[in-house]
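Welcome, and thanks for taking a look at this one with me. Here are some notes to read alongside the structure.

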Amino acid sequence: MSDAAPIPATVPILEVKGIGKRFGGLVALSEVSFSINKGEIYGLIGPNGAGKTTLFNVLTGIYRQDEGEIRFEGNTLRNTTPDRIAKLGIARTFQNIRLFANLSALENVMIGRHVRTRAGVFGAILRGPATRAEERAIEKRAHELLEYVGIGSRGNELAKQLSYGDQRRLEIARALATDPRLLTLDEPAAGMNATEKVELRALLESIRKDGVTLLIIEHDVRLVMGLCDRVLVLDYGRNIAEGVPRAIQKDPRVIEAYLGTGHTAPPE
Amino acid sequence: MPDIAGALRRHPQARWIGLVLVAAALIALPLVLATIGTAWVRITNLAILFVMLSLGLNIVVGFAGLLDLGYIAFYAVGAYVYALLAGPHFNIHWPWWAILPIGAAVACLFGVLLGAPTLKLRGDYLAIVTLGFGEIVRIFLNNLSEPFNLTNGPKGLATIDPIKVAGIDFASTTRIGELAISGTIKYYYFLLAVLVLIIILNLRLQDSRIGRAWEAIREDELAARSMGINTRNMKLLAFAMGASFGGIAGGMFSSIQGFISPESFILTESVMVLSMVVLGGMGNIWGVVLGAILLSFVPEILRYTVGADVQGRIFGRSLIDPEVIRMLLFGLAMVVMMLFRPAGILPSAVRKRELAVPKNE
């Protein structure tokens, strides 16, 4: 376990203060607060139905919170939509993979470059030198990203024909193509076998090394504890604990949330 | 299947030879058809108009995945703009090169008008709204004859100016020595030139940042938004671009026919264009071209063959009027096609790219 991993700087990249979200009478999130530092790998765990994905959807602009404030790189996010969030520098993957299934893997990643490129209709029609140069740059970057996540040879395959693990990698490559400063991953290891998980972990570590902060929802406790610098635990829409993995594992409230009352041993 | 694309890449000169052959065939086509009957040249011209319409609708339906059942409305808008600006109704006679872009722009505006309120709709719901839109436009054309007579109502607009290029009138026959080039043939060449332009525009749009954004919306709208694509603007753009091509085709329809009325723009026409797109292969430009050509010609060919020809051979005489049987056979053919090739004749294929990372410039 690498809970001794250094927490490099304590400049917050994302600050969440008192987020609340209701669906009718159901309180999905209440008073959720945390802050992620630049360069961190931050984990978000909790039992099923704890509100993890709701929180994710609020952060990425799909839902709007009923109360509370979100600040990204010091700026308060207001009237956000998913496309504006992506433009600001927060990219995401989906719990139930949402690739562009009938397009090639390479094109999936090329679409990720959309938000950082400019060619419009007239550029596309006239295809002048600037547009052609941009297209070449898009394709080149997409190739690099496919290589980076380890599926460089699969570029011409349809996204839906890739193996499950490769689809997860492709989603990460597509998200990285938007040049995010915060990459949020919704259960990236779901459905992966042990080998794939080891490779995923190495990939996430290298993404962090390249200067991208990561926020990860994950069910695999071992992966979270090994990978994350800090972990937030949600239960019934509230944060019940936050801290370094070793402390979290021993926290009685966390044990209770996962295993019910009466247990004292950490889940292993 | 042989790797034609790969072979062409290895032999670039083969590509040029093929292109020259196709061009020669297309240039010779009306002269050959004219020997069979001028009607066939006219049918070909209408087929080219339908290819243009299908390509326009393909942007909306095939690329962006937005089902549009009222597409013919944009054709109508283009046609009426042309008829009003080049005809006796208001006694305005502007040249075609001024009116066609205006028609495209007005159709584009209508595209945005249709697109804006339907941004949140998809699938069946969008189909119903667009269907209603198409009918609204037709009914307006039918009724805008009073208090101010804009469209002349169901009587339509007649004696619309033909296209004139460099003093050559497209309504009359020109003689070059022995060769008589009828107006219909002249229109064929004009339409062909515009069609080539439209196909090039479509190919470029599809293989661009914009085209990829449309395809992303078609595949998964939420994922597209999460990748930073402004889906609202991109959908409006798809409606606007598709409508513009419809408007251009409409303008040329006006000038060829010389007469238009709301009856030319009924729902059946929208359904026909959509069938061409679906049958050919949604999202595949060449498939859509093929679908439009087939659906334009097959009913006409059937008109001349399922009478005495086929029935005579089988039964010894003509039992059923070909007018009755040809649309039945046509419908049957479409059902069979869709059962055996549900993705169209030429399904949208994955675009393969060279996998080697391109060198730095």
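Predicted model: local features only at pLDDT ≥ 70, side-chain atom pairs only at ≥ 80, totals over all residues.

1. Now for the domains themselves. Domain 1 of chain A is made of two stretches, 1-89 and 180-268, while domain 2 covers 101-175. Taken over C-alpha atoms, the centres of the two domains are 28 Å apart.

2. What does the secondary structure of chain A come to? You will find 10 helices and 10 strands. The radius of gyration of chain A is 19 Å, close to the 18 Å from the globule rule for 268 residues, so the chain is as compact as a globular protein of that length. Along the principal axes, its C-alpha atoms fill a box of roughly 70 × 40 × 35 Å.

3. A word on the packing inside the chain. Of the 268 residues in chain A, 46% are buried. Among contacts between residues at least 6 apart in sequence, 68% join residues at least 24 apart.

4. The sheet deserves a slow look. Six strands of chain A form an open sheet with mixed pairing, in the order β6-β7-β8-β3-β9-β10. Its edges are β6 (90-92) and β10 (238-243), each of which pairs on one side only. Ignoring direction, neighbouring strands are turned by 20 degrees against each other on average.

5. One pairing to trace by eye is that of β3 (residues 41-45) with β8 (residues 213-217) in chain A, which is parallel and runs over 4 bridges. Within it, A:Y42 has A:L215 of β8(A) as its bridge partner.

6. Which helices accompany the sheet? Helix α7 (residues 194-209) of chain A lies across β3, β7 (182-186) and β8, running at about 150 degrees to β8(A). Helix α10 (residues 252-259) of chain A packs on the sheet too, touching β9 (230-235) and β10, and its direction makes about 130 degrees with that of β10(A).

7. Finally, please turn to the partner chain. The contact takes 38 residues from chain A and 31 residues from chain B. On the chain A side, the elements giving two or more residues are α2 (82-88), α3 (105-112), α4 (121-126) and α5 (129-149). That side has 15 nonpolar, 12 polar and 11 charged residues.

Definitions and conventions:
Residues numbered from 1 in each chain as written. Chains lettered and ligands numbered in written order. Pairing = 2+ DSSP bridges. Axes fitted to C-alpha atoms, helices over the stretch in contact; angles between N-to-C directions. Contact = placed C-beta atoms within 7 Å. Rg over C-alpha atoms; globule rule 2.2 N^0.38 Å. Buried ≥ 20, exposed ≤ 12 C-beta atoms within 10 Å, placed from the backbone. Nonpolar A, V, L, I, M, F, W, Y, C, P; charged D, E, K, R; others polar. Domains from an automatic or database assignment.
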